Amino acid sequence: MWFAVLAGAAGCYALKYVGSAIPGHVLEKPSVKQVVLLLPIALLCALVAVQTIATNQTLVIDARVPALAVATVALRFRAPFIVVVLIAAATAGGLRYFGLAS
Amino acid sequence: MESTAADWLTVRKEIIGNALSIGVAVAMYGVSFGALGTTTGLTIPQTMALSLLMFTGASQFTLVSTLASGGTALTAVIASWLMGTRNAAYSMRMTPILKTSGVGRLVAVQLTIDESTAMGLAQDETAYEGRASRLAFWATGLSVYVLWNSATFIGAVSVSAIGDPKTFGLDAAIAAGLFALVWPQIKSRIAIAVALGGALIALTLTPFVSPGIPVLAAALVAIIIGWTTGRRVL
């Protein structure tokens with residue numbers, strides 16, 4: 001078990017490190033710069049989509065979907081961060097509490 | 001940008017407040033992780049080592065669940081690496097903003113996760129000579145680190161979790177929180193295309209490949225669109 005714990009941790013640190021070790025001039029190239037700028041957007045939006053619509057390997061529509069929809073409306077009205085988060089939690093928690101969604 | 005000291009104090013207060021609330025939401029999952037670790041056969045020190053050293057939630061959950069479902073140590077390790085690959089893209093993006101070196105760089109690297117990157121990038125990069133972005137990254141990274149690890153310990157020793165975080169809608173809250181943080185970055189047409197394309201690819205692949213890969217595949221969208229539009233202003 002210690003093998004898995006330590007090897008897993010070492011690899012994950014190395015992955016985080018690799019990105020920081022790329023020399024600055026490589027990242028200055030316009031096309032590379034654009035890719036680096038867009039990468040977190042693609043990854044985080046994909047993550048949000050998966051966190052909202054997937055459970056393991058199954059696509060599921062449950063309380064998370066209306067919660068994210070309400071959060072998006074709040075964002076359009078420029079609600080502060082904490083309000084967006086609380087509204088999403090309340091929507092999902094509320095729907096589950098009243099048995100309206102799983 | 002015109003800015004006064006009073007403005008900065010307000011901005012700083014808001015950033016720190018947000019960083020703490022992200023930490024609290026994430027901590028609820030830390031309790032679950034701690035409980036999962038010790039109930040699936042890891043010792044308390046092993047569970048803690050994962051939160052302290054690996055410190056990237058998705059990889060930690062993947063490693064533990066792979067072991068729990070009968071996977072070999074090697075499969076579990078590789079699955080956790082796969083989940084952690086996106087952090088490489090995050091540190092690539094954050095390093096020039098953070099302007100760290102030496103030990104500071106090594107610590108920043110460890111704190112580079114979804115939440116700290118999203119918070120750092122949610123700020124205007126040029127505001128207060130970049131101080132807002134740097135504070136957002138560090139405050140979120142440290143807040144999550146301290147709370148995630150404390151929560152893991154509580155979960156690991158008490159075993160019984162506070163309850164399913166889903167009851168409180170925390171799964172939706174974390175997704176909404178991350179979305180709120182990317183939101184300011186998806187203004188241009190190119191960024192919107194990348195956001196939608198990334199989400200679409202990830203969802204399309206979800207039923208067919210093991211968890212972690214769908215999100216990673218979204219990187220392709222950024223690479224293709226970024227490479228072909230490189231000379232255009234975002």
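**View 1. Helices α1(B) and α9(B) meet within chain B.** I22(B), A25(B), V26(B), M28(B) and Y29(B) of α1(B) touch L170(B), D171(B), I174(B) and L181(B) of α9(B); contact means heavy atoms within 4.5 Å. By class, this contact has eight nonpolar, no polar and one charged residues. Ala, Val, Leu, Ile, Met, Phe, Trp, Tyr, Cys and Pro count as nonpolar, Asp, Glu, Lys and Arg as charged, and the others, Gly among them, as polar. The model is predicted: local features need pLDDT of at least 70, side-chain atom pairs count only at pLDDT 80 or more, and totals for chains, interfaces and linings use all residues. Residues are numbered from 1 along each chain as its sequence is written, chains are lettered from A and ligands numbered from 1 in the order in which they are written, and side-chain values use heavy atoms, with hydrogens and water left out. The two helices pack at an angle of about 140°, with their axes 10 Å apart. Axes are lines fitted to C-alpha atoms, for helices over the stretch in contact, and angles run from 0 to 180 degrees between N-to-C directions. Helices (H or I, at least four residues) are DSSP runs, numbered from the N terminus. The crossing of α1(B) and α9(B) is left-handed, that is, the near helix is turned anticlockwise from the far one by less than a right angle; clockwise would be right-handed.

**View 2. The largest cavity is lined from both chains.** A cavity is a set of points on a 1 Å grid over the protein atoms alone where a 1.4 Å probe fits but cannot get out; lining residues have an atom within 4 Å of a point. There are three cavities of 30 Å³ or more. The largest has a volume of about 110 Å³, taken as the space filled by probe spheres set on the points, which are joined across faces, edges and corners. Of its 13 lining residues, F81(A), I22(B), A25(B), I174(B) and G177(B) are the closest to the centre. α5 (81-97) of chain A and α1 (5-39) and α9 (170-182) of chain B each supply at least two lining residues. α9(B) gives the most, with five. The lining divides into 10 nonpolar, two polar and one charged.

**View 3. Helix α3(A) crosses α11(B).** The axes of α3 (residues 30-53) of chain A and α11 (residues 213-228) of chain B come within 7 Å and cross at roughly 145°. The crossing is right-handed. Contact residues include L38(A), L39(A) and A42(A) of α3(A) and A222(B), I223(B) and W227(B) of α11(B). By class, the contact has 17 nonpolar, three polar and no charged residues.

**View 4. The largest pocket has a volume of about 1400 Å³.** A pocket is an open set of grid points with protein on both sides within 12 Å along at least five of seven lines. Its lining has 46 residues; Q51(A), N56(A), A58(B), F61(B) and M83(B) are the closest to its centre. Helix α3 (residues 57-68) of chain B gives the most to this lining, with six residues. The lining divides into 23 nonpolar, 15 polar and eight charged residues.
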